[in-house]
Amino acid sequence: MKKKVPLQSRSRPWTEWTALVLITAFAGWLVLQSLDGTAPDKNSYSLWHLAHRIPRLAAAPDLIARDDLCIPTSAIMREVAQKLPTSARVFGTGLIGPDAGIRLGNYFIAQYHLFPRPVQISTDGPAIYHDGWMEGVDMTSVEQLKALGLDLLLGFGQWDQDDIGFLDLTAKGRFEFRE
Amino acid sequence: MRELLACLLPPLAALAGMRLNEWLFGRAALEAHGMGLRFAWGLGTGMLLFSQLVVFGAVAGVNLAAILAWTALAWGTVETVLRLRAWWPARVACRPRAAHLWWLALLPVGAALLLTGLLATVEGTLEYDALAFWVFKAKVMFLKQGAEFYAVHQNPLLTYAHWDYPLLVPGLYTLNYGLHGEVFEFTNKVWPFWMVVAILAAILSVAQFSRRPRLLPAAVVTVVCFVPFTTYWVRMEGATIPTMFHTTLAALTAMLWLLDRVQRHLGGLLLLALAGCVATKFEGAVNVLVWGAALAAVLVRDGGWRERPLHVGLGAAVLCLFPYALFRLSGPLPHPVSNWFELGMESPGAVLLRLPMVVLLNLGHRFFNATGFKWTTGANGELAWSGEWDGLNTFVDEHTHLLAWAILILAPFSWWRLPSARAAQGTLSVVCLGTMLFISFVIACLMAAIDANEFATLMVARYFYPLMIAWFVGLLVPWLVMDERLPFREDAR
């Protein structure tokens, strides 16, 4: 049987007041926390930072500059994607094996921006993703890649983990970064 | 201009969803509820319908994004005109009262939403996960359909993108791209932004705030809006806010239904909200599983499973999830962690040994900060506390700021003060705790060895944030609905 349950509180108004005061105090404290201007900028929830971030983003001259204020690697890869022909074939090196897992974040960004161009990372066919690392065979030489008909080489983590290096293998893979 | 159009798409899709809900459950039944709640239900249904049609197009080999986005815009615009004609005269006739001053208590929420809303139309993707999974899948669905789409989700290199996951979020982003005619990620955040707006509006609506403005509903929406993770995950995109939206909407609807079983249409709307949970993320599906078990017990006991709105809701939910079922039948390659159950069953004894530690770490981090609740894993997998007293900050977790403490106080307090709502609140608490335990079990299956540091990260905290918001809001539903004893009621009249 369905029935409407009459909602009744036991008649002691102080308890309702207590609940109200606690929740209101919690809400007020959260608002004060959000006004804290000392929290780190980019990922902060502070209203102070949000208010300062909007004009900076809106003033960015283009999407690459806007990306630079979000994920800088994204800005680089967006520029590459804009300049590289869609038929270009790309290879990423330095991504195979459990030790290279730390560099996969940058590969994901590159793959995102360069799609629908395939970004191969293994010379023996598609690499296989395991949880946090890739299984496959990395390149042995630039000549090997040229023989496979690839146009651009991306070197992940050549100098440090966050670094991406670029080497054109053919005229199709050649481009200039803007200043 | 395209930012403006993108910003209008979610509310207009919500208006289309509101009409669909009226067709399914009857206009009179729905009009008994406030506009905010109907808007949230409409957004849930609209998102489910349009996103899953995008998925259907991708599977069938057609890019439907543009046609669906413009349909939603046109349909929503017509609905706006029709509804404004009925709604506006009543608003104009409303006379100002002293109680309306409580609207001022919403000013911080208004400021936060204004800033987040503006940011939602200019800021790019901030998080690696969002870009690698959700935004990537949206780009693929916009650019590739049919056999080409199939080739992408069959590529072992790309399984990192969780292709076997539900596709509501990528479907919504793809709708935006259909509107723009190109892949343009800088307006993706309008969806999570409007989901937060809708949940806040639903809470105010449950409390009938526009008719009886008072402090409690304003304080509740301020808490939901200002919990750090709310703004954080709107900006980070991904499926955390969509999961929060659907989980909280389901909790809200379930509470209203369990408190007032006469309103049968709420059962159907609950099933649609739960379908939204399934279509969003794995944690949402777990929540549905636990809700399903709890509701089955209620429905079998009182014979409610025979109610027509339940069948209508179930039929609509199954229909909306059909495109995802089709997609799964095409066999997308699974992410390595998708076999969590098989991994766990390789050594079930070890999983059971790890489970209490995982539960302790998961729950503890909801109450304490990472400095105070710090643990080190020993050589044999045992945990040793290595935290430090951090003053009162020890009791403030970095991600949800005292929300767990609020729930801990509120649950027994409501149990004591609201005897007539005990069954509903008890069911909600069992469901939320049950879901948290289920998620902890999955984590215990996946972790070959406990890494205590992992539990302090926001990546784990985000699994629990939607449930905590749903639990907090759900517990407060009886307090918001019941106005007889709430302070300021006399002022409001």
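Student: Where is the place of Leu272(B)?
Tutor: Leu272(B) has its place in helix H13, residues 265-280 of chain B, where helices (H or I, at least four residues) and strands (E, at least two) are DSSP runs numbered from the N terminus. This is a predicted model, in which local features need pLDDT of at least 70 and side-chain atom pairs count only at pLDDT 80 or more, while totals for chains, interfaces and linings use all residues. Residues are numbered from 1 along each chain as its sequence is written, chains are lettered from A and ligands numbered from 1 in the order in which they are written, and side-chain values use heavy atoms, leaving out hydrogens and water.

Student: Okay, and is Leu272(B) buried or exposed?
Tutor: Leu272(B) has a relative accessible area of 5%, so it is buried (under 20%; exposed is over 50% and partly exposed in between, with a 1.4 Å probe and protein chains only).

Student: What does Leu272(B) touch, leaving out residues up to four places away in sequence?
Tutor: Its contacts (heavy atoms within 4.5 Å) include Asn21(B), Leu24(B), Phe25(B), Gly313(B) and Ala317(B). Asn21(B) is 251 residues away from Leu272(B) in sequence, yet the two C-alpha atoms are 9.5 Å apart in space.

Student: Switching to chain A, what is the strand order in the open sheet?
Tutor: The 4 strands run in the order S2-S1-S5-S6, and their pairing is mixed (two strands pair if DSSP finds at least two bridges between them). Strand S2 (119-120) and strand S6 (164-168) of chain A are the edge strands, each pairing on one side only.

Student: How do S1(A) and S2(A) pair?
Tutor: Strand S1(A), residues 90-93, pairs with S2(A) in the parallel sense over 2 bridges, and Phe91(A) has Gln120(A) in S2(A) as its bridge partner.

Student: Which helix packs on that sheet, touching S1, S2, S5 and S6 of chain A?
Tutor: That is helix H5(A), residues 104-114, whose direction makes about 155 degrees with that of S5(A). H5(A) is mostly covered, with 11 of its 11 residues buried, among them Phe108(A), Tyr112(A) and His113(A).

Student: Back to chain B, how do H6(B) and H8(B) cross?
Tutor: The axes of H6(B), residues 128-143, and H8(B), residues 168-180, come within 8 Å and cross at roughly 55 degrees. That angle is why H6(B) counts as oblique to H8(B).

Student: Which residues make the contact between H6(B) and H8(B)?
Tutor: H6(B) contributes residues including Trp134(B), Met141(B) and Phe142(B), while H8(B) brings Pro170(B), Tyr173(B) and Tyr177(B), among others.

Key. Axes are lines fitted to C-alpha atoms, for helices over the stretch in contact, and angles run from 0 to 180 degrees between N-to-C directions. Angles under 35 degrees count as roughly parallel, over 145 as roughly antiparallel, 65 to 115 as roughly perpendicular and the rest as oblique.
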